[in-house]
Amino acid sequence: MIERIVIIDRADPVSFYGVNNSNMTLIRNLFPKLRIAARGSVIKVIGDDAETDEFQQRIHELEDYCVKYNKLTEDVILDILRGEEPHEKKSDGVIIFGVNGKPISARTPNQQRLVDAFNHNDLTFAMGPAGTGKTYIAIALAVKALKNKEVRKIILSRPAVEAGEKLGFLPGDMKDKIDPYLQPLYDALEDMIPAIKLKEYMETNVIQIAPLAFMRGRTLNDAVIVLDEAQNTTTHQIKMFLTRLGMNAKMIITGDATQIDLPRSTSSGLLHALRVLKNVDGIGRVEFGKKDIVRHALVQRIVEAYEHYDEQAKQAANSDANDSED
């Protein structure tokens, strides 16, 4: 009789062990000759050498599957523990499998262009109206790179600019003060990474979410860096951010030129950067449109209505200017 210690530290424990440890109960039933005790990321198994060795191998195969698909079903456990290949989920075009095995993939041609641009460039700009999924896809690409061990960390940032409201002083410590501005980034991450694993990543700084002001002085190596709502940066801020790019790192900059919340006297750093970097090699650029909106169908009609209104207002202003000249 020997004792082996098997460490399960890559998979989400809730997904791996199952609700009320149902997966672990099934595993115990399939290895009746072994004494198995599981706590946290540690599984202790006692039995003869050959059977404990097979147990260790199968457990790591289950972990690999769980890491990839964020889900472990009874059928998959039975297939793997019997030494059979589990039925693979269709993964054509899938960026990652999110929480509970939800496939996350590009849903429009421009979303796919963002995926391709990210794969071929170290810096990519994604421009377009609200609801086109540019930030969501950007974060999915970052999570995929982390899971594939292409990078060691993800850094998500956005400028702390209020959308037309003066919120005043917010209570709490620094994290409490900046979290309201960064909530959209948390929402996307919670769709893609199980809660316990996400908390672990945040606590160990594998995933860092910070306002733009915290980027000064840093060199960001071995990371995917996403800057959201970049239309609300100043020219100095975005230059500072772009020059943080380090070795083995990629950046995605997202923004919407129709939702600039800066004071009227301040020009958008994103629009300025797009003009300055227009002819620089190694930079991808993807323009999203109304047809890429993947939220509620009403959102597309709202965007169209505002565009129509703005066009009419511009024509009326030009007409008034011409009349005054006459």
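Modeller: Strands here are DSSP runs marked E, at least two residues long, numbered from the N terminus. The model is predicted.

Colleague: In which strand does Ile7 lie?
Modeller: Start with the numbering. The run in question covers residues 2-7, and Ile7 falls in that range. The strand is β1.

Colleague: Is Ile7 buried, partly exposed or exposed?
Modeller: Its relative accessible area is 37%. Buried means under 20% and exposed means over 50%, so a value in between has its own name. Ile7 is therefore partly exposed.

Colleague: Which residues form a nonpolar patch on the surface, and what accessible area do they have together?
Modeller: Ile7 is one of the members.

Colleague: What is the strand order in the open sheet of six strands?
Modeller: The pairing is parallel. The order is β8-β7-β9-β10-β6-β11.

Colleague: Why is one side of β8 and of β11 left without a neighbour in the sheet?
Modeller: β8 covers 207-211 and β11 covers 283-287. Both stand at the edges, so each has a single partner strand. From one strand to the next, the twist averages 15°.

Colleague: Which residue in β8 stands opposite Ser157?
Modeller: β7, residues 153-158, pairs with β8 in the parallel sense. Five bridges link the two strands. Opposite Ser157 stands Ala210.

Colleague: What angle does the direction of helix α6 make with that of β10?
Modeller: Helix α6, residues 134-147, packs on the sheet. It touches β6, β7, β8, β9 and β10. The angle with β10 is about 165°.

How values were computed:
Residues numbered from 1 in each chain as written. Predicted model: local features only at pLDDT ≥ 70, side-chain atom pairs only at ≥ 80, totals over all residues. Heavy atoms only, no water. Patch = residues over 30% accessible without salt bridge, like charges linked within 9 Å, V, L, I, M, F, W, Y side chains within 5 Å. Areas by Shrake-Rupley, 256 points an atom, 1.4 Å probe, with all protein chains shown as cover. Salt bridge = Lys/Arg side-chain N within 4 Å of Asp/Glu carboxyl O. Helix = DSSP H or I, 4+ residues; strand = E, 2+ residues; numbered from the N terminus. Buried < 20%, exposed > 50% of the residue type's maximum accessible area, 1.4 Å probe, protein only. Pairing = 2+ DSSP bridges. Axes fitted to C-alpha atoms, helices over the stretch in contact; angles between N-to-C directions. Contact = heavy atoms within 4.5 Å.
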